[in-house]
Amino acid sequence: MEALDSKLSLLADEAASCSRCRLAATRSQVVFSDGNARSSLFLIGEAPGREEDLQGRPFVGRSGKLLDKLLWEEMNITRDNYYIANIIKCRPPDNRNPLPDEVSACRHFLVGQISLIAPKVIIALGNFAAKTILCSEEGITKLRGNVFDMNVGNVNLKIVPTFHPSYVLRAGALAMAQMRSDLVRAKKLLLGGHEDIAT
Ligand code: URA
């Protein structure tokens with residue numbers, strides 16, 4: 001196994017037996033990541049929902065289906081072309097928002113993933129993910145439409161905030177069009193003259 005895979009699998013093993021916060025008591029399983037760890041694109045959501053908790057993979061429910069469709073239509077990519085994970089790796093009961101101490105307890109895993117994968121671009125999905133990764137008090141409506149330069153886990157990268165697909169499912173056409181234009185923005189940042197997003 002190559003160094004990247006073995007380091008990520010050590011981190012995933014550590015997460016699988018993590019009991020740093022109360023969510024360890026209610027999860028079915030830890031949802032660590034999905035996709036291609038050699039991609040320069042990393043998508044970050046909020047937390048696993050019911051389906052994800054059962055299947056052990058992020059974004060496999062209804063909002064994940066919409067996300068897959070939009071990523072294909074606007075960026076021509078599938079899960080083989082990007083890496084995807086959540087801010088926290090365990091499902092909060094009743095899908096409530098993660099609590100600040102849960103986010104802090106899980107930060108080590110997210111920063112570890114970012115620093116090993118070293119993406120060029122992070123797409124932050126939704127209010128919670130965008131505010132957390134950008135350490136911002138602004139809501140997603142203000143944040144989206146912009147690109148932020150950040151250093152996370154010793155990696156210089158660009159953050160493209162956009163709506164969460166579950167919000168787009170509820171909000172309809174305008175939000176969908178805005179999310180599509182955010183994905184096109186991310187694609188342009190990634191391509192920079194190349195044809196493929198995955199390295
Ligand atoms: N919503 C998220 O933010 N993450 C998932 O994995 C599923 C739904």
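1. The largest cavity holds about 120 Å³ of space. Of the 16 residues that line this cavity, C18, C21, R27, C90 and C106 are the closest to its centre. The model is a predicted one, and the count comes to 1 cavity of 30 Å³ or more.

2. By class, the lining of the largest cavity comprises 11 nonpolar, 1 polar and 4 charged residues. Helix α4 supplies the largest share of that lining, with 4 residues.

3. Helix α4 covers residues 100-117, and its 18 residues should span 26 Å at 1.5 Å a residue; the end C-alpha atoms lie 25 Å apart, which agrees. Just after α4, A118 adopts a positive phi of about 50°.

4. Which residues of α4 are buried? They are E102, V103, A105, C106, F109, L110, G112, Q113, I114 and I117. As a general point, an α-helix has 3.6 residues a turn, so residues three or four places apart point the same way.

5. Strand β3 (residues 83-86) pairs with two strands. Strand β1 (residues 34-35) runs antiparallel to β3 and is joined to it by 2 bridges, with D34 opposite I84. Strand β2 (residues 41-45) runs parallel to β3 through 4 bridges, and I44 has A85 as its bridge partner.

6. In β3, Y83 and A85 point one way while I84 and N86 point the other, and all are buried.

How values were computed: Residues numbered from 1 in each chain as written. Predicted model: local features only at pLDDT ≥ 70, side-chain atom pairs only at ≥ 80, totals over all residues. Heavy atoms only, no water. Buried < 20%, exposed > 50% of the residue type's maximum accessible area, 1.4 Å probe, protein only. Pairing = 2+ DSSP bridges. Expected span 1.5 Å × (residues − 1). 1 Å grid on protein atoms, 1.4 Å probe; cavity = no way out; pocket = protein on both sides within 12 Å on 5 of 7 lines; lining within 4 Å. Points joined across faces, edges and corners; volume = space filled by probe spheres on them. Nonpolar A, V, L, I, M, F, W, Y, C, P; charged D, E, K, R; others polar.
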